[in-house]
Amino acid sequence: MCTRYIIPVLLMTLGMSCQTVTVPANTEVTDQHTIMSDTIQGEGTIVWNDFEGGFFGIQANNGEKYYPLGSLDEEFQVAGLAVKFVLRPERNVATIVMWGTPASIVSIAKLEE
């Protein structure tokens with residue numbers, strides 16, 4: 001008797017889970033730090049963190065911290081290096097580092113001194 005309600009409820013649940021959310025294409029967060037759909041771009045500094053075995057991170061000029069997934073190219077493994085970056089935050093990723101937001105690097109470049 002209750003089984004005849006299961007299929008309609010499952011279909012309704014599936015339909016509700018397929019809804020989409022519209023995000024503005026370009027939302028200014030702070031000066032020189034912009035969120036564009038699923039990426040973040042800005043300027044910051046490469047920092048060396050001497051814990052959890054040691055690792056490089058990116059500290060944005062607005063104070064946000066990003067943990068690059070994978071390793072930075074050797075030319076960017078310099079503490080204090082000023083960079084311009086585009087990152088894709090990885091919200092469903094856990095790391096043992098517990099520092100900053102885990103993010104994939106879309107692009108990174110040295111800033112002119």
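Q: Which residues touch the most other members of the largest nonpolar core?
A: This is a predicted model, where local features need pLDDT of at least 70, side-chain atom pairs count only at pLDDT 80 or more, and totals for chains, interfaces and linings use all residues. Residues are numbered from 1 along each chain as its sequence is written, and side-chain values use heavy atoms, with hydrogens and water left out. A nonpolar core here is a set of buried Ala, Val, Leu, Ile, Met, Phe, Trp, Tyr and Cys residues joined through side-chain atoms within 4.5 Å. The core has 13 residues, and those touching the most other members are Ile46, Ile58, Tyr66, Val83, Phe85 and Leu87.

Q: Which elements give two or more residues to this core?
A: Elements are DSSP runs numbered from the N terminus: helices are H or I with at least four residues, strands are E with at least two. By that count, the elements giving two or more residues to the core are β3 (39-49), β4 (55-60) and β6 (82-89).

Q: Is Phe85 buried or exposed?
A: Phe85 sits in strand β6, and Thr45, 40 residues away in sequence, is 9.9 Å from it in space, C-alpha to C-alpha. The cut-offs are under 20% relative accessible area for buried, over 50% for exposed and partly exposed in between (1.4 Å probe, protein chains only). Because its relative accessibility is 1%, Phe85 counts as buried.

Q: Which residues does Asn49 touch, not counting residues up to four places away in sequence?
A: Asn49 lies in strand β3, and at 10% relative accessibility Asn49 counts as buried. Contact means heavy atoms within 4.5 Å. Leaving out residues up to four places away in sequence, Asn49 touches Gly54, Phe55, Gly57 and Trp99.

Q: Where is Met98 found?
A: Phi of Met98 is near 55°, a positive value in a residue other than glycine. Met98 is also exposed, with a relative accessible area of 77%. As for its place in the chain, Met98 is in the loop between β6 and β7 (101-110).

Q: Where is Glu52 found?
A: Glu52 is a residue other than glycine with a positive phi, near 55°. Its place is the loop between β3 and β4.

Q: How many bridges join β6 to β7?
A: Two strands pair if DSSP finds at least two bridges between them. Strand β5 (residues 65-68) pairs with β7 in the parallel sense over three bridges, with Tyr66 opposite Thr101 in β7. Strands β6 and β7 run antiparallel, and Arg88 stands opposite Ser104 in β7. The number of bridges joining β6 to β7 is seven.

Q: Which residue forms a salt bridge with Arg88?
A: A salt bridge is a side-chain nitrogen of Lys or Arg within 4 Å of a carboxyl oxygen of Asp or Glu, and the structure holds one. The pair ties together parts 50 residues apart in sequence, because Arg88 lies in strand β6 and its partner in the loop between β2 (33-36) and β3. Arg88 is partly exposed at 33% relative accessibility. With the closest N and O atoms 3.1 Å apart, the partner is Asp38.

Q: What percentage of the residues in the protein is buried?
A: The protein has one helix and seven strands, in the order α-β-β-β-β-β-β-β from the N terminus on. Among contacts with a separation of 6 or more, 53% come from residues 24 or more positions apart. Of the 113 residues in the protein, the buried share is 27%.
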